[in-house]
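Dear colleague,

Please find below the structure that I promised to pass on to you, followed by some notes on what turned up when I went through it. I would be glad if you could read the notes with the model open beside them.

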Amino acid sequence: MKEILEKLSNAAGPSGFEENVSSVLFEMLKEKVDEIKKDKVGNVIALKKAKGERKGSVMLTAHLDEIGMIVTAFDGSYIKFETLGGWDNRIFIGQKVIIFGKKVLKGVVGAIPPHYLRDKEKKVPSLEELFIDIGMNEKDVKKYVRIGDPIYIDTTFKVLNGDIVTGKALDNRASCAVICSILMNIKNEELKWDVYGVFTIQEESTSLGAYTSAFKIKPDFAIVLDVTHATSFGVGEDRAYPFNKGPGIAIGPNIHNGLFNELKETAKRNEIPYFIEPIPGQTGTDASAIQVVDEGIPTALLSVPIRYMHTPTEVLHMNDLKRTERLIISFLREFDGVKEEVIDVHK
Amino acid sequence: MFINELSNINGVSGNEDEVRKFIIDKLKKLVDKFEIDSMGNLYAFKKGKKSGKKIMLAAHMDEVGFMVTGIEQSGDIRFRPVGGIEPLTCLSKRVIIGKNKISGVIGVKATHLNTIEEEKSVPKFESLRIDAGFSSKEEASSKVNLGDYIAFDTEYYEENGICTGKGFDDRAGCSILMDIAGMDFPYDTYLTFTVQEEVGLRGARIAGNRVFPDICIVVEGTGAGDFPSKRDIGSYPSLGSGPVITLLDRSLIVQKKLVDFLLNVAKDNRIPYQFKRPNIGATDAGRIHISKTGVPSMVLAVPVRYIHSPCCIMLKRDYNNTLKLIEKGIERIEEVI
């Protein structure tokens, strides 16, 4: 799974510009599944068909987009940018970036160096005060870059210590890697469910990919995989979850109670560690979207804890991914379906 | 040009060993003798065509970085800067720790968990930690020691003459000294690679006394100031405008006859040049020129954007012009000694 995650983390796919990462997924899965396609909005949809008695279909879904930036203006030979998705603007200074212009261009995010500033000006620069420098003169910059070109941070996946790894876009390539690994490992299994692995676009903005793919597939139920916050320096267990305790199983208004209970029971039966993640309102994930698609789709949410979310140095523990995979495969083998309650008052 | 290899080597002030080793390895066939003093300054000596006078060329091997100052029960690593680094440039960057080259990240908690006030405040080093994936103090202590040096984890990259990487201040200078090691010097010459420039020009103080040359040229990678127009902070030195000549900085006033000499050499060889913004920064020349009874010293530098950050930008064109100006200057150094 580490190798899968490495490939996916290194691929580029800011929201709205996901072609690169969807091609990587497509190549990785095309020999491993019964059908795979890229739909008209850009979702990648892979299918492993049921064998024997077919009970229906399930959609396992993870978003493939990442947060990024976009070119908005020029200031001489410097490039101004806006963010795609939620960033802490303090982390930009000194980051290496890649701009997808007429060619792939490497640059650095700059700001006026502090030794040129008076003390009272030494504050967090706003986005307007930051710029990207690709070392070219104004004429060349305008030849290769145009307004609207996507930008992402130039970093590569790396193992820190054993099963603890770092990289960009682990939100949510971590979940993409879990679904890829599941599809590869159930290739020859006889399952009662058609299993759709759906990699959605634009979760970080509007959840467009989740709404459209769920509407197209209309599965009997859906399991959304996303990330949650892990404990780290300055982030305690009052608002995050420790590493290596398994996936989080979410509960709350966005989540189907029956699915929640069955997932929890499956984990217990198979002695898979898990934690419960109460989400009192909107989950801020594709689960919020899928629950209300068409006439409603029973939806569950599993989460992998990651540290430093929405930075280029996200960190996670591989065990949490492996246990998420085990839980889902066990669930696909054992789950009997969601029954809609009908009360016939004339009976 | 050795800037690629030199940039990728870690050599934070006080820990320049690997840089020195690399330079010795590459220069051993080109020079007559190496000396290393008690602080670690490296002197590559080359016999000149004539003796009686001595030339010193100096560049510093060290770069800014950090040091491990503590290990938490959680396994997180406390650290402090070595040399001048702003905390803002450190957020969410990858680093390499110690001789075992342990990878870590300077983590910044998710934006979702921050208040607006937090995101408007500049953090202090005391509030930052390095996460190297250790789960306990015991585990971290088995691989990381107090006092280990930490460098930014940045790989050199070059395309179309645009160079990006860490530590161009002053590996650019080291690389230029290495590039000219093969030339025939008019007088005995000491190519001097100093230590601890970034923590107070420490190595240069004893190097100047040891060599005590008749003339010294300090070669630097200096901060460019050509930033977007809206902020009126001036626009020089700028990338692409050639070697940067220092008139005066916080540590040195260059003799007018030496400045004139550099300008003449530049003009005679059609080499572009520019001046450093006065009164900013200090270099090893500030120490060397007050060695013993005094050493006439000048400073030439390659303009570099974003020095003291994880990623600098420099143009090969500026590097080559700086190299050429120094070569041509040395050929006629007799005019000023």
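Two strands are taken to pair here if DSSP finds at least two bridges between them, and the first part of these notes rests on that criterion. Please keep in mind throughout that this is a predicted model.

In chain A, strand E6 (residues 96-100) has two partners to look at. It is joined by three bridges to strand E9 (residues 150-153) of chain A, the two running antiparallel, and within this pairing Val97(A) stands opposite Ile153(A) in E9(A). Strand E6 of chain A also pairs with strand E7 (residues 104-110) of chain A, again in the antiparallel sense, over five bridges; here Lys96(A) is the residue that faces Val108(A) in E7(A). E6(A) and E7(A) make up a hairpin, with three residues lying between the two strands.

Turning to chain B, the secondary structure amounts to nine helices and 17 strands. Its radius of gyration is 21 Å, which agrees with the value near 20 Å that a compact globule of 337 residues would have, and its C-alpha atoms fill a box of roughly 65 × 45 × 40 Å along the principal axes. Of the 337 residues in chain B, 55% count as buried, and among the contacts with a separation of 6 or more, 78% are between residues 24 or more positions apart.

Helix H2 (residues 17-27) of chain B has Val19(B), Arg20(B), Ile23(B) and Leu27(B) as buried residues. These lie on the same side of H2(B), because the arc they cover around the axis is only 95 degrees. As background, an α-helix has 3.6 residues a turn, so residues three or four places apart point the same way. The buried residues of H2(B) pack against helix H1 (3-8), strand E2 (42-46), helix H5 (168-180) and strand E12 of chain B.

The UniProt annotation "active site", which comes from an unreviewed entry, covers Glu197(B). Is Glu197(B) buried or exposed? Glu197(B) counts as buried, because it has 30 C-beta neighbours inside 10 Å, where the cut-off for a buried residue is 20 or more. Leaving aside residues up to four places away in sequence, Glu197(B) touches His60(B), Asp62(B), Asp170(B), Gly203(B), Ala204(B) and Asp284(B).

Key:
Residues numbered from 1 in each chain as written. Chains lettered and ligands numbered in written order. Predicted model: local features only at pLDDT ≥ 70, side-chain atom pairs only at ≥ 80, totals over all residues. Helix = DSSP H or I, 4+ residues; strand = E, 2+ residues; numbered from the N terminus. Rg over C-alpha atoms; globule rule 2.2 N^0.38 Å. Buried ≥ 20, exposed ≤ 12 C-beta atoms within 10 Å, placed from the backbone. Contact = placed C-beta atoms within 7 Å. UniProt positions renumbered as here; feature names shortened; annotations may be inferred. Arc of directions from axis to C-beta.
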